[in-house]
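Hi there,

Here is the structure I promised to pass on to you. Have a look at it first, and then read my notes below.

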Amino acid sequence: PTRSPARPPSNAHAAGSAHEPDGLVRLSKRMSELGLCSRREADEWIPRGWVLVDGKPVTELGTRIRPDATIEIHQAARSEQGERVTVLLHKPVGYVSGQAEEGYQPAATLFTAENQWESDPTRKRYAPWQHKGLAPAGRLDIDSTGLLVLTQDGRIARQLIGEDSNIEKEYLVRVVWEDAPDGPVERNVSAVFPAERLDRLRHGLSLDGEPLKPAKVSWQNEEQLRFVLREGKKRQIRRMCEQVGLKVVGLKRVRMGRIVLGDLPVGQWRFLGPFEKF
């Protein structure tokens, strides 16, 4: 276990004001004062037997201790605290994937305790240190929505966006047929859009002078296409659609590899679970 000094550093404020009249203080509060962890983390570690006070495990929440007691933290708690996290975010329209641009906020600003999905199956909790090194693995345009992956784990980033990545990304794309003979078609596009143009979306287009990898493209409903890509050039789907006379009016990423957006609400996030794989 990791032993912690009982007293705060000399430049810290005396914690007396936070202590109860009988001189005792809540263990979770004392752990937070000493910078060992957040109170929420303490309340998760204590029932697991990961906190020792004066050499003895304390497992009851709400336990109060002497301020000068020696607190020790089990290595398992440190390991969990040090885990690299991966966050699955349902990005709304109007946020950029990476750095702030032209007054628009980065999607990572939505990674807060308040926005964690209440049905997050991992039961892991938000902590401020998880922001460190958290970066998007695959971008979504400002006017697109859906699954955005933020990760501290370089292995996952390489898997999703490395040069040799072969992970499928699935999108639902609402379109208008702009150059139809009798003017733009907004309703029941699938009934009138030429099949040969749909075939060109699947294979045969180039962007930036390079042929695109084959894509799976099919009608999801009368106005919405389903795209499955294995690459991610800038604004790729919008530019592909432009080449065949379609205008994209809505784009949502619903899957990356084996991870689906599912019921995650817009603007909320959850952690990637330990047994989930892209």
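**Lys252 and its neighbours**

Leaving aside residues up to four places away in sequence, Lys252 touches His90, Thr145, Gly146, Glu170, Tyr171, Leu172 and Leu261, where a contact means heavy atoms within 4.5 Å. Please keep in mind that this is a predicted model, in which local features need pLDDT of at least 70 and side-chain atom pairs count only at pLDDT 80 or more, while totals for chains, interfaces and linings use all residues. Residues are numbered from 1 along each chain as its sequence is written, and side-chain values use heavy atoms, with hydrogens and water left out.

You will find Lys252 in strand 15. Helices (H or I, at least four residues) and strands (E, at least two) are DSSP runs, numbered from the N terminus. Gly262 is 10 residues from Lys252 along the chain, and their C-alpha atoms are separated by 12 Å.

**The largest pocket**

A pocket here is an open set of points on a 1 Å grid over the protein atoms alone where a 1.4 Å probe fits, with protein on both sides within 12 Å along at least five of seven lines; lining residues have an atom within 4 Å of a point. The largest pocket holds about 830 Å³ of space, a volume being the space filled by probe spheres set on the points, which are joined across faces, edges and corners.

Its lining has 31 residues, and Glu83, Lys124, Leu272, Gly273 and Pro274 lie nearest the centre. Helix 2 (39-45) is one of the contributors and gives the most, with four residues. Where does the largest pocket lie? Domain 1 (25-82) and domain 2 (84-165 + 259-271) both give residues to the lining, so the pocket lies between them. The domain bounds come from an automatic or database domain assignment.

**The second largest pocket**

This one has a volume of about 370 Å³. Tyr171, Glu231, Gly232, Lys233 and Gln236 lie nearest its centre, among 25 lining residues. Helix 7 (236-243) and strand 15 (246-256) are among the elements that each supply at least two lining residues, and helix 7 has the largest share, three residues. Domain 2 and domain 3 (169-256) each provide at least three residues of this lining.

Happy exploring!
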